[in-house]
Structures are given as C-alpha cells and as structure tokens.
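Have the viewer open as you read.

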Amino acid sequence: MSVRELVVLGTASQVPTRHRNHNGYLLRWDGEGILFDPGEGTQRQMLRAGVAAHDLNRLCVTHFHGDHSLGLAGVIQRINLDRVPHEITAHYPASGQRFFDRLRYATAYRETVGVTEVPVRADGTLAVTPSYTLDARRLSHPVESYGYRLTEPDGRRMLPERLAAHGIKGPDVGVLQRAGRLGDVTLEEVSEVRRGQRFAFVMDTRLCEGVYTLAEGCDLLVIESTFLDEDEELAVEHGHLTAGQAGAVARGAGVRHLVLTHFSQRYSEPDEFERQARAAGFEGELTVAYDLQRVPVPKRR
C-alpha cells in the first residue's frame, strides 16, 4: 500500500531551541523519499523518527542558510556509510554550488553511492517520474531561494453505475482501462478525471509570485511562518512570512491542509500561529508543526 506523508524532523528558524531542531522535512511519496532542507542535526532526527538513509531518493535545498543546509554533510556521508543501493539526486540553487561542494566534501569519507547534482537555475521542471512532476519556483529572500512543488499526474476514476449501464464488469473493466475502449464504449464514457495530488514546500521568503504559484490548489502546503503578524516589518526586512500571511496565501490558493513551520525562537506560544492563520480566513485543515510529527497527505476528494 502506498504511503504519502510528511515526516517533520525540525521546525526551528535560525536558532534551535530545547524543543525544536533546525529544519528537516521528509516527504514519503509512494516508494520514494524526498528530504527537504536538512539543517544541522537532521541525521539524528532521522534516527529518532525512524527514517533510514535507504528511504531517501532526493535531496531538495531551498537556499544555503545554515538552518536549511548544514545537515547535508552528515546526511550525504550517512548515505555513503550505509551504502544506499540506489542513486540519490540533489537539487539546490545553482548560485550556491560552492556551498554544496563544501558540504558534500566537508570531511574525508569513502564515496560508495552516486549523488547526481541537478542544480536549480531558473523556474521550471526538475524531474518527471511516473508518480510526480517536480517543479521549482523562485522566492524572495536575501539569498537566492527556490520553493518546490510536486504534482501527481491526473488519472481516471471508474464510475460503477456507468459501467453497469453498459454491462461491463470483471476483467473487462481492466481491459477497458488499459486499451481506452471496449467495443463501442470509450473510457471517457464510464469514468471521470481523478485530479492528481499536489504538494508544495515554501521556505524563507517574502510574499511574491512564486509563493502563490507554488501554493495554488495544493492538497498539502508546508510553508514558513517565522513571525507573528505584529512583527510584519521584521518579516519583510529579513525576507520571511508571518502566520497571517501564510494563512491568507493558503486561503486564496484553495489549500486543503496547511502546515505552518520555521518558527522564530522569540515566540513561546505556538497556538498564536494557528489563531492568526485562521484570522486571515483559512478554514481548511491546519497543523502547527512540531518535531517528529507525521502529517498524512489528505486523501483524494
């Protein structure tokens, strides 16, 4: 059975706290694992969450600030130490190539696994697989930063009442699905479009076009909310979002499940982030993330 869930490894911004590790987020998508923004301590958080190096297929870094990337060195070395049997693909802003190189080869170790580097140079598609398309969009932060969006291809949902009306049942249903036609009956006549699921990962950024593009129609949106609304001036100055801004983005984009994360250490009351996102009009499912939490991708409508 396929598993689609977000495993939260860390939720702190800039400075970790006693209860929040630096960033780290693993998206399990069927048989693949995509690790986003492995900050310092991610390897240990993986151990605590029951995530193995063998679970990883892609590494996606939004930008090269330490709380989003210092864990790369340990994660890549662990991939090699455990001799992961499949290739790993790494995505990151091309302008940060020197930082990626330093982290990948921060210390001496024996390379046993191929890590394919596919830097992000502009908005566009990074990968197309049978299960998803991975896209990147530029964000607005003091250093070059990209958000990521995963889109499942649309499929088709069979309609039992229409199949019955045409007398189609048993193995013939599978024949129709594979061939697109059974006698005079086409697949379109007895099915409807099943919208593919959508996931987006939006980290350090001000409000910008990329934020809205990434969030549009998402089933699960993971988005930074570093500041509370009363500190909006600080958010803009440092290239971040507030909880209310994140909630408004999710509301306008029709997001089904909103995950707020990347919290400044200045705040001690997490419920206020939810309150402000709700005050901005977001009415869908909402999670104020905490370390080692698991958030399922919503089931299809």
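Does C218 count as buried or exposed? At 1% relative accessibility, C218 counts as buried. Keep in mind that this is a predicted model.

## The cysteines

Searching the whole structure turns up 0 disulfides. C208 is not part of one, and the nearest cysteine sulfur, that of C218, sits 14 Å away. A disulfide, after all, is a covalent bond between the sulfur atoms of two cysteines.

C208 counts as buried too, with a relative accessibility of 18%; the cut-off for buried is under 20%.

## The sheet

Now for the sheet. It is an open one, built from 7 strands in the order β7-β8-β9-β14-β15-β16-β17, with mixed pairing. β7 (124-128) and β17 (285-288) are the edge strands; each has a single partner strand, so one side of each has no neighbour in the sheet. On average, neighbouring strands here are turned by 15° against each other, direction ignored.

Strand β9 (residues 146-151) and strand β14 (residues 198-202) run antiparallel and are joined by 4 bridges, with R198 in β14 as the bridge partner of T151. On the β15 side, β14 and β15 run parallel, again through 4 bridges, and V202 stands opposite I223 in β15.

## Around β15

β15 is mostly covered, with 5 of its 5 residues buried. In a regular strand the side chains alternate between the two faces of the sheet. Both faces of β15 are covered: L220, V222 and E224 are buried on one side, and L221 and I223 are buried on the other.

β15 also runs parallel to β16, and 5 bridges join the two.

## Helices to look for

Start with helix α7 (residues 209-215): together with β14 and β15, this helix makes a right-handed β-α-β unit.

Next, helix α9 (residues 243-253) lies across β15 (220-224) and β16 (257-261), running at about 160° to β16. Helix α10 (residues 271-279) packs on the sheet as well, touching β16 and β17, and its direction makes about 150° with that of β17.

Note on methods:
Residues are numbered from 1 along each chain as its sequence is written. This is a predicted model: local features need pLDDT of at least 70, side-chain atom pairs count only at pLDDT 80 or more; totals for chains, interfaces and linings use all residues. Side-chain values use heavy atoms; hydrogens and water are left out. Two strands pair if DSSP finds at least two bridges between them. Axes are lines fitted to C-alpha atoms, for helices over the stretch in contact, and angles run from 0 to 180 degrees between N-to-C directions. Contact means heavy atoms within 4.5 Å. Buried means under 20% relative accessible area, exposed over 50%, partly exposed in between (1.4 Å probe, protein chains only). A crossover is right-handed if, with the strands pointing away from the viewer, the path from the first strand over the helix to the second runs clockwise. A disulfide is a pair of cysteine sulfur atoms within 2.5 Å.
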